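Dear colleague,

I am passing on a structure that you have not worked with before, and below it I have set out what was found. Please read the notes with the structure open beside them.

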Amino acid sequence: MSDSLAGLLCAGCNAAGLVDQGDGTVQCQYCGASFAHPDRVCPDCETVSDLDELDCPQCGRALRGLCPACNAPNPLQAKICLRCHTPLDLLASVAGRVATTSSDFIYQRGIEARTIKQHEETASDERLARMWARDQERDRRLQAARAKQKQQELVLARVAVGLLVVIVVGGALLFLVLQVIR
């Protein structure tokens with residue numbers, strides 16, 4: 001549960017236990033009521049804003065601050081960036097950069113590289129799974145088309161044999177009729 005939800009009660013049933021839905025809303029886990037996330041509501045005029053808006057569209061009050069490292073919007077009360085974990089206090093951020101040694105910098109970049117590699121491998125695995133599923137679906141459709149074609153060929157062969165039988169029987173009857181007439 002996020003820090004901004006810890007002390008809040010449901011307006012519908014007055015129970016604690018609001019759960020962030022990840023789409024800008026919170027939902028009470030007891031009564032199921034859904035509300036705008038508190039980070040979206042301006043504390044001055046109570047206007048509901050989009051999650052990516054930095055200022056209230058009604059009164060202009062600052063609602064979020066930008067991370068100096070990655071430019072991600074963060075709640076004003078946040079101490080570190082929710083995305084990259086950089087201190088949001090500019091002085092602390094600069095002091096942290098100055099205090100970082102070369103080995104710390106290399107170590108941090110190594111961690112970031114492993115994280116990026118893991119993310120890319122996960123994305124690659126997901127793409128491979130989607131391609132595999134498409135390939136299996138294509139094979140299934142191809143097998144169905146082949147089965148349908150075999151069925152049509154069988155029907156066509158039966159029709160051809162039937163026509164041949166009709167022609168042979170008709171020819172034989174015609175031959176007999178001509179023999180009887182002579």
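Predicted model: local features only at pLDDT ≥ 70, side-chain atom pairs only at ≥ 80, totals over all residues.

As for the overall layout, the chain has 5 strands and 2 helices, and reading along the sequence gives the pattern β-β-β-β-β-α-α. Of the 182 residues in the chain, 14% are buried. Among the contacts in the chain with a separation of 6 or more, 12% are accounted for by residues 24 or more positions apart.

Turning to charged side chains, those of opposite charge can pair when their charged atoms come close. The structure holds 5 salt bridges, and several of them can be described individually.

One of them joins Arg109 to Glu112, with the closest N and O atoms 2.6 Å apart. Both residues belong to helix H2, which covers residues 102-181, and because they are 3 residues apart there, about one helical turn separates them. Arg109 is partly exposed at a relative accessible area of 39%, and Glu112 is likewise partly exposed, with a value of 32%.

Another salt bridge in the structure links Arg141 with Glu137, where the closest N and O atoms lie 3.7 Å apart. These two residues are 4 residues apart in helix H2, so they too are separated by about one helical turn. Arg141 counts as partly exposed at 48% relative accessibility, while Glu137 counts as partly exposed at 32%.

A further salt bridge brings together the side chains of Asp139 and Arg138, at 3.6 Å from N to O. Asp139 is partly exposed, its relative accessible area being 32%, and Arg138 is also partly exposed, at 45% relative accessibility.

Notes:
Residues numbered from 1 in each chain as written. Heavy atoms only, no water. Salt bridge = Lys/Arg side-chain N within 4 Å of Asp/Glu carboxyl O. Buried < 20%, exposed > 50% of the residue type's maximum accessible area, 1.4 Å probe, protein only. Contact = heavy atoms within 4.5 Å.
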